[in-house]
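Subject: Structure handover

Hello,

Here is the structure I promised to pass on. Please open it first, then read my notes below.

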Amino acid sequence: MVNAVDFAGRPFHFIGVGGIGMSALAYILAQKGFQVSGSDVRPNHITHKLESIGVNFFGKQEAANLEFFNSDSSKAESMGAGKDTTPQVVCSTAINASNLEYKAALEKGCPIFHRSDILAALISQYKSIAVAGTHGKTTTSSMIGYMLLQAGVDPTIVVGGEVKAWEGNARLGQSPYLVAEADESDGSLVKHSPEIGIITNIELDHPDHYDTLDQVVNIFKTFTNQCKTVVACIDCENVSERFQPDISYSLSPDSGADYYATNIDYRADGTTALVWEKGIALGVLNLAVLGHHNLSNALAAVAIGRMLGLEFGEIARGLATFEGARRRFEFRGEVDGITFIDDYAHHPSELSATLAAARLQARPGQRVVAIFQPHRYSRTQAFLGEFAKSFNHADLVVLTDIYSAGEPNTGLISGEKLAVEVAKNHSNVEFHSTLVDIRLFLEQNLRPGDLALFLGAGNLNQTIPQIIESLRQPAQATS
């Protein structure tokens, strides 16, 4: 499929272009000068940005969208006489056979690609660095991209989150380097053959696609076999026991890793550590992002920087000003002394790490309030026991019902059942089934000084601006 992607000028049409992964690819192709169109069920700030660089956006997914390049004579003329204007159609896993636009593409005979096919084709054109792993992909790939950008390397970047430094989830650079986030959730990781592959960790996270951890491990093994060089964190047992990376990193000086850290100081305003390379001290790393997981991500960036010939001073200066990606411990506002944080954490390991970072930041006497929307019935059911023990660093846990992400409700699991299990390990748990109920509860029960973390990969974070506005205007909220 990779070789079949036509980069000779044929147009591209993205079904579901407003998604974080799809939009990044559409952006890169448009910036490269290709004719690009896309559709989604509703516009958002991402589709507005794509329109601003010339992507034609359709607010409905219908067959007529596929005729755009044929019907627009100026588009056809710009492609040159005799060029095939039938678009190459790009879909994500979220687009299924019942989608009317997808059906029309099949009937029309359009070449149809999964978004991973487009990413794989781009990866093959660059000296690529692909970041894989169950957790930390977005932050690590963003860190590496930011570090290289600050060092003047000018990389092309495709990540699964929005970063302030390049005002989005993608940028087109002029160097031969590409930094990309490589996703294992649907098995498409096996399509990628980068020069450098990174594995941050391996866990079972997508029981909707995988039945066992071994299946996940095998996907990663295929990926590593296709990488020229493998860089991996050996703090993860599933990595250290089943893989032999070319370059390793660890937070433990006793691990035998090529890159490790000592003199670690986790603080409320960041992290400081002395970084070592094969037994030689490189220097001190100062990070603005919090927690042990972000220090681990930074060690991956250090390893890549050194592989590409950067001096440690350049690496450290770049990483020192990295602020993180959007929805990764993202500050959303403060009102009445209440701090609002938005985080994408949706797996038990991610919840534990994020809440541990929050506890570091919390002042003495400050409550850490964890507001969590479970994501997918399959994940909640598969990791019920793990979720129940993930909130130990929170003073108050507020749960709502499960965000289905398109999965059918099996009736076997619910947000309320999760709340019952969490309450077996935590003394202060609240359940409110809807986002409206959550919002009303928080407006009435958050206290000055609280650190409120909105956690999950669904739409819970949509309540944040509403709560902030209500707390700013209490009279209006009660009128």
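Predicted model: local features only at pLDDT ≥ 70, side-chain atom pairs only at ≥ 80, totals over all residues.

Now the helix itself. α1 covers residues 20–31, which is 12 residues. From first C-alpha to last, the helix reaches 17 Å. That is close to the 16 Å expected at 1.5 Å a residue. α1 is mostly covered, with nine of its 12 residues buried. The buried stretch takes in Met22, Ser23, Ala24, Leu25, Ala26, Tyr27, Ile28, Leu29 and Ala30. Look at Tyr27 again: Lys49 lies over the face of its ring, 4.9 Å from the ring centre.

In general, strands of a sheet pair through backbone hydrogen bonds. Here, β1 and β2 run parallel and are joined by four bridges. Phe12 has Val36 in β2 as its bridge partner.

Phe12 also matters for the rings. The model has 10 aromatic pairs. One of them joins Phe12 and Phe34, edge-to-face, at 5.6 Å centre to centre with 85 degrees between the planes. This pair links distant parts of the chain. Phe12 sits in strand β1 (residues 12–15), while Phe34 sits in the loop between α1 and β2. The two are 22 residues apart. Are they buried or exposed? Both Phe12 and Phe34 are buried. Ring pairs also bring in Phe7, which forms a cluster with Phe12 and Phe34.

Why does Ser39 count as buried? Its relative accessibility is 0%, so Ser39 counts as buried; the cut-off is under 20%. Which residues is Ser39 in contact with, leaving aside its neighbours within four places in sequence? They are His13, Phe14, Ile15, Gly16, Val17, Phe57, Phe58, Lys60, Gln61, Asn65 and Glu101.

Best wishes

Methods. Residues numbered from 1 in each chain as written. Heavy atoms only, no water. Expected span 1.5 Å × (residues − 1). Buried < 20%, exposed > 50% of the residue type's maximum accessible area, 1.4 Å probe, protein only. Contact = heavy atoms within 4.5 Å. Phe/Tyr/Trp six-rings, centres within 6.5 Å; stacked < 30°, edge-to-face > 60°. Lys NZ or Arg CZ within 6 Å of the ring centre and 35° of its normal. Pairing = 2+ DSSP bridges.
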